[in-house]
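This briefing concerns the structure displayed below.

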Amino acid sequence: MQGKYQMMRQARIVLVAGVISIAAGTQGEVSGALTGLVGVVTQGQGGEKVSANSLPNVLENCPDAATWRNQRRGELLNLFQSRMYGRSPGASTNFQFEVTDVDTNALGGKAIRKQVLLRMFGVPVHLLVYLPAHATNPVPVFVIENFGGNHSLEPDPRIKIYERWTVDRKTLTGKISGPDESTRGKASKDWPLEMILSRGYAVATMPREDIEPDFADGWIHGIRGAWLKQSGRTTLAPDDWGAIGAWAFGLSRALDYLETDSSIDAKRAIAIGHSRLGKTALWAGALDERFAMVIANNSGEGGAALARRRSGETTALINKTFPHWFCANFKQYNDREDKLPFDQHELIALIAPRPVYVGSAKDDLWADPLGEFLGAKGAEPVYLLLGKPGLGVDKMPAENHPVGETIGYHIRSGGHSITPYDWKQYLNFADRHFKASPVNQVASSPSH
Ligand code: GTR
C-alpha cells in the first residue's frame, strides 16, 4: 500500500503565524524556538499546497501547571473522547483473571513464562507474560498487544494456541480460523525477548483480536459488543469508543492484573505498540495515568503524526479503510482536518509529564515521519510547563540518531515495522528514566 506514496515529495512546513512557531524546509530541517506550535502550511501528496491551517495551541488559556492539571488537560481529553477515539467505560468492574500456566524454565532458563486468562465483560483475552528468570526485585514491564497471536512470538510449543479471528485484506471481512501450528514463532524477529529480559524488563502481551477482531463488524464479537449488551443497548452512540478505545482498555486491564503480580513493578509499566497498536498505546497512556511511560512505534495517522499535514494517510483514508477504529463523530473530519478542535501533538501532551517516545522509520511515508516528529515536538510546551525537559532539539535528527529527553524520538532507516533497533532505543530510554539494572542471566540448555 505504501508503494504509491513512495513518490510523494517530502512535505514542507513553513512558518505562517505566531509568536513562537515552527519553520521547516525538508525533512531534516526543522527549526525555530518552540514553546508553542502556532501555524503550519503543508505541502502534501504531489507537492501541491493542500492547506494553510493554524495548529491548535496546546496551551490555549493555560498559563501555568495548575491550570493544565485542573482544567486544560481535562478539556483536551474530553475533545479527543467526544470527537475521535470515543468514550470508553471506566475501570471495569466486570473484569476477572486467572493464571493458567507458569513455566519457570522458559527461553532456555532465561525466563519465567506465565499464561493468564483475562475476562473483560466476559470476553476471554489471553495474556502471555515473560519475566527475567533471575531478577531479585520486581521488574518494569512492557505492556503491548500483538498482531499474530501469542504463539507467533516464539516457537515454544507450550505457548497455547487458539482459533483466532483473521481479516481478509481485500474484502476487510473477518473469519475465525486455526489454530494454525505453522504460524508458531512467525513474528519472532519483532520480539527480541532475550534482549529485553536480559536488560531487566518483563513483557506482557495479548492478541488485539481477542479484545476486538479488527474489521468493521468485529466489535460485535469483542468487548464493545459484550459491554453494549450488558448496558442493555443495541447500537453504539456517535461518541462511544471505537476499536482503538477497546484495545487501549485492554492494555489497562492487563495492567490491573500486573498490579497483582509481585514479580512486576507496576509503577514502571510501559504502554507500547506498533502502528495501529502504537495509536492504541498513546490513547491508553492518555487515559490511564498508571502507565509510567508510553512508546509509539510508527504510529502515523491517528497516532503521533499531525493530521493537518495530510501527508501519507489522511483522516478520510483511515476512516474509509478502518471505519471501526475511531468513534462515528470522527468521520465528520474527513477532508476537513483543519476543523478538528485539536491535533495529535495534544494527544502526546496528555501523557506529560511522563516520558513518551515516538519512533519513526525513514521509508514509512504512509505514517508521515516528519508529522510524527512535529507531533512529538508540539507536545514540548506542556512538558516545559510541568518542569520537564521535552524533546530538547528543534531539528529532525539524522537517520538512526535517537534524540530527546522526556520526549524521545528517532527515525530509523527502513520501513514500517518494529525492529530490534527500535527495541534497543526504547530500552535505553526506559533505562534512563527508570534506572533499571540489567539482570544477570544464567545460561542453561534450551527448554524446547
Ligand atoms: C495501515 C494503516 C495505518 C497503520 C498500519 C498498521 O494499513 O493505514 O494507519 O496503522 O496499517 O497498523 O500496520
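Which residues surrounding the ligand are the closest? Ten residues surround the ligand, and the closest are Ser 275, Arg 276, Lys 279, Glu 313 and Trp 366; a residue is near a molecule if one of its heavy atoms lies within 4 Å of it. The model is predicted, so local features need pLDDT of at least 70 and side-chain atom pairs count only at pLDDT 80 or more, whereas totals for chains, interfaces and linings use all residues. Residues are numbered from 1 along each chain as its sequence is written, and side-chain values use heavy atoms, with hydrogens and water left out.

**Ligand site**

- The side chain of Arg 276 has an N or O atom 2.5 Å from an oxygen atom of the ligand, in keeping with the polar-contact cut-off (a pair of N or O atoms within 3.5 Å).
- For Lys 279, a side-chain N or O atom is 2.8 Å from an oxygen atom of the ligand.
- For Trp 366, the distance from a side-chain N or O atom to an oxygen atom of the ligand is 2.8 Å.
- On its own the ligand has 320 Å² of accessible area, of which the protein covers 87% (Shrake-Rupley method, 1.4 Å probe).

**Helix H9**

- Helix H9 spans residues 369–378 (helices are DSSP runs of H or I with at least four residues, strands are runs of E with at least two, and both are numbered from the N terminus).
- Ten of the ten residues of H9 are buried (buried is under 20% relative accessible area, exposed over 50%, partly exposed in between; 1.4 Å probe, protein chains only).
- Among the buried residues of H9 are Glu 372, Phe 373 and Lys 377.

**Strand S6**

- Phe 97 lies in strand S6, residues 95–106, and is partly exposed because its relative accessible area is 35%.
- Phe 97, Val 99 and Val 102 form a nonpolar surface patch with about 230 Å² of accessible area together. Patch residues have over 30% relative accessible area and no salt bridge, and nonpolar side chains are joined within 5 Å; a salt bridge is a side-chain nitrogen of Lys or Arg within 4 Å of a carboxyl oxygen of Asp or Glu.
- Glu 98 also lies in strand S6 and is partly exposed, with a relative accessible area of 47%.
- The C-alpha atoms of Glu 98 and Val 116 are 5.6 Å apart in space, while the two residues are 18 apart in sequence.

**Cysteines**

- The disulfide count is zero, where a disulfide is a pair of cysteine sulfur atoms within 2.5 Å.
- Cys 62 is buried, at 5% relative accessible area.
- Cys 327 is buried, at 1% relative accessible area.

Note on methods: Patches are made of residues with over 30% relative accessible area and no salt bridge: like charges are joined within 9 Å, nonpolar side chains (Val, Leu, Ile, Met, Phe, Trp, Tyr) within 5 Å. A polar contact is a pair of N or O atoms within 3.5 Å; within protein, one must be able to donate a hydrogen and the other to accept it, and residues adjacent in sequence count only if both atoms are side-chain atoms.
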